[in-house]
Amino acid sequence: MRYVRITQATRPRTRHALVLLVFVALSFLLFAAADLHPTSTLIGATNADPSLHVWFMRWLPHAMSAHINPLFSAHVDEPGGVNLMWNTWVPLPALVLTPLTIVGGPVTSFDAAVTLGIALSAWCMYLAAEHFVHRTWPAIAAGAAYGFSPFLLDHAYVGHSNLVLAFVPPLMLIALDSILVRQAVSAWRSGRWFGLLMAVQFFISEELLASEAVAVLIGIAVLAVLRRGQLANRWRYAVRSFAVALLVFVPLAAYPLWFQFFGPGVPQGSVTATNFFVTDLLNLVLPTDAQGLEPGFAKTVSQSYAGNSGEWGGYLSLPMLVVVGWAVWHGRRQLLVRVVALTGLALLVLSFGSSLHVAGMDTHIPLPGLILARLPLLEDLLPTRFSLYVALMAALLVAIALAATPQPRRRRRWLAVSLALLAASYLPPLPFPTHSATSPAFFAVTPRPYPTNAALLVVPFSQDFYSPDAMLWQAQAGMSFRMPEGYIIDTLPSGRAGTGPPPSSTSVVLAAISDGRATSAGVDSDTRGRIATELHQWGITGVVFVPTGRHDDAVRNFLVSMFGDSYRTELGVTYWPLKAARSAPPDQQRGG
């Protein structure tokens with residue numbers, strides 16, 4: 001049997017294809033527990049954000065087939081609906097994966113997006129590293145260090161497909177090198193390429209595009225200071241290139257941006273908590289539960305970090321800091337090393353937020369992130385997510401370190417040991433966490449037990465991180481019904497952004513009974529009247545109760561007291577068909 005060796009002598013296209021296959025295989029092996037059961041198993045330790053992203057995967061094909069505006073949905077939080085531009089939806093991946101969604105279902109597409117996201121991110125980092133160091137194996141190491149970095153695996157751990165699909169930042173490094181440094185092709189060509197990358201990123205994650213803009217400005221400032229003597233000869237080309245990039249980007253993004261800020265359901269004020277999702281200083285060297293090797297003391301410390309475990313992706317590890325430090329010291333006279341190191345350091349400081357946090361305590365030491373926190377729109381950027389670009393810069397420095405390894409055997413062994421320790425510290429939990437995505441048969445059978453596009457009240461009521469199931473069931477049902485609930489960013493009656501629909505008597509009572517804090521007998525007639533009024537306003541034509549094992553009898557007794565005993569228990573649910581309260585307008589009558 002003949003084996004193909006990946007060497008510098010291998011044809012570039014063949015070499016790149018082989019490296020891509022290797023990264024896809026590694027990613028598939030990592031997520032095999034879910035990828036081998038793609039219709040019923042979600043990648044991730046919870047079903048909260050994964051359920052939301054599964055919903056995003058199914059919404060776009062439904063909107064296209066129904067000829068309605070994909071930027072707005074009245075299928076959740078009905079009848080008000082939701083402006084999806086204020087959510088973390090992934091329209092481009094959903095579009096590309098539409099055939100897979102139709103054939104295999106939205107859960108399959110979500111798992112594919114995460115699996116391919118890791119592989120593509122690693123591969124594009126390999127391409128960027130090889131562009132700069134011209135060495136294959138150092139570039140492969142850089143690709144692995146970025147694609148399988150704690151940041152990306154941490155977001156795979158919680159199902160953030162929009163952040164796992166992080167293949168654009170490495171490609172932007174190549175484009176920026178062409179625009180700012182080499183300037184070997186026409187400004188039209190380099191600008192067009194950069195504009196397309198901006199558009200691709202916009203339709204994957206608008207937040208990442210905004211943070212990339214900050215990172216690019218920092219990189220340009222660093223380069224301008226280090227090469228200020230060449231500004232006079234280079235700034236015109238760069239300006240022309242970025243102008244062309246905007247000419248490409250603006251027509252593609254203009255309508256979605258208009259809809260986001262001038263369409264229905266636009267929230268007022270900040271969407272996210274200020275100085276909450278930040279990188280703790282100790283997170284740089286102490287692993288979290290998203291890593292396979294987490295000592296007990298590290299676990300104790302990490303539980304005190306600000307934010308939540310889904311945003312503790314700032315881990316670099318001591319071995320990575322050693323390798324990066326070695327690369328910076330030995331390459332300190334090289335322009336590339338200095339730009340990468342200084343830019344990475346600035347982005348690391350931004351990831352700390354407005355003030356420094358140490359072991360979960362806010363020291364109130366002000367940091368430059370305070371500037372971003374006071375700028376419109378940029379205030380919604382989560383500081384900790386700048387760790388993505390720290391991982392990017394660190395991976396490129398790994399490639400530089402390997403490409404510049406001196407010949408003495410002792411030094412090569414020292415670097416090899418550091419890289420081995422780095423690989424061990426980056427090892428994720430194995431097998432990688434998964435979560436069941438099985439829906440009651442009620443939502444999967446055809447013909448549907450309810451009228452198409454009916455407004456259904458689904459219990460448990462979906463309104464926050466802890467109640468996302470209805471989103472998953474609606475997606476797996478092919479968006480065949482609407483509901484007045486949803487784990488999604490919406491605009492509250494106050495005008496501010498909130499998670500889930502506006503508070504209602506229905507949601508409060510159902511949550512209280514499900515949690516064991518109330519009983520059916522404790523719900524007075526006035527509250528029952530308000531619930532009946534809300535159901536009438538929402539146009540509810542059916543109530544679906546799915547047992548969860550949490551106070552099911554109490555919930556069922558309450559629903560019987562509200563809707564009577566004319567129900568059917570079948571296909572894993574209890575279903576009350578109701579008379580139509582009103583005719584609810586379709587999605588296309590709201591938002592275009």
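A residue is called buried under 20% relative accessible area, exposed over 50%, and partly exposed in between, with a 1.4 Å probe and protein chains only. By this definition leucine 571 is partly exposed, because its relative accessible area is 33%. The model is predicted: local features need pLDDT of at least 70, side-chain atom pairs count only at pLDDT 80 or more, and totals for chains, interfaces and linings use all residues. Residues are numbered from 1 along each chain as its sequence is written, and side-chain values use heavy atoms, with hydrogens and water left out.

Helices (H or I, at least four residues) and strands (E, at least two) are DSSP runs numbered from the N terminus. Two strands are taken as paired if DSSP finds at least two bridges between them. Five strands form an open sheet in the order 8-7-11-13-12, with mixed pairing. Strand 8 (481-482) and strand 12 stand at the edges; each has a single partner strand, so one side of each is left without a neighbour in the sheet.

Strand 7 (residues 454-459) pairs with strand 11 in the parallel sense over four bridges, and valine 459 has phenylalanine 545 as its bridge partner in strand 11. Strand 11 (residues 542-545) is in turn joined to strand 13 by four bridges, and these two strands run antiparallel. Phenylalanine 545 has threonine 574 as its bridge partner in strand 13.

The bridge partner of glutamate 570 in strand 13 is valine 573. Strands 12 and 13 form a hairpin with two residues between them, and leucine 571 lies in the turn. Strand 13 (residues 573-577) is mostly covered, with four of its five residues buried.

**Helix packing and nonpolar cores**

Axes are lines fitted to C-alpha atoms, for helices over the stretch in contact, and angles run from 0 to 180 degrees between N-to-C directions. The axes of helix 3 (residues 48-66) and helix 6 come within 8 Å and cross at roughly 110 degrees. Helix 3 and helix 6 are therefore roughly perpendicular to each other, a label that covers 65 to 115 degrees, whereas angles under 35 degrees count as roughly parallel, over 145 as roughly antiparallel and the rest as oblique. Contact here means heavy atoms within 4.5 Å. In helix 3, Pro50, His53, Val54, Met57 and Arg58 meet Pro106, Val107, Ser109, Phe110 and Ala113 of helix 6.

A nonpolar core is a set of buried Ala, Val, Leu, Ile, Met, Phe, Trp, Tyr and Cys residues joined through side-chain atoms within 4.5 Å. The largest such core has 149 residues, of which Phe23, Phe31, Trp55, Met320 and Ile488 touch the most other members. Helix 6 (residues 106-133) gives the most to this core, with 16 residues. Apart from it lies another core of 19 residues, including Ala455, Phe461, Val523 and Ile540. Not counting residues up to four places away in sequence, tryptophan 55 touches Ser73, Val76, Leu84, Met471, Gln474, Ala475, Met479 and Ile488.

**A buried asparagine**

Asparagine 275 lies in the loop between helix 13 (231-262) and helix 14 (296-302). With a relative accessible area of 17%, asparagine 275 is buried. Polar contacts are pairs of N or O atoms within 3.5 Å; within protein, one must be able to donate a hydrogen and the other to accept it, and residues adjacent in sequence count only if both atoms are side-chain atoms. A polar atom of the asparagine 275 side chain lies 2.8 Å from the backbone nitrogen of serine 354.

**Local backbone geometry**

| Residues joined | Omega |
|---|---|
| Glutamate 78 and proline 79 | about 10 degrees |
| Threonine 446 and proline 447 | about -5 degrees |

Proline 79 is found in the loop between strand 2 (72-73) and strand 3 (82-83), while proline 447 is in the loop between strand 6 (434-436) and strand 7.

Although not a glycine, histidine 551 has a positive phi of about 55 degrees. Histidine 551 sits in the loop between strand 11 and helix 23 (552-563) and counts as partly exposed at 43% relative accessibility. Leucine 571, also not a glycine, has a positive phi of about 55 degrees.
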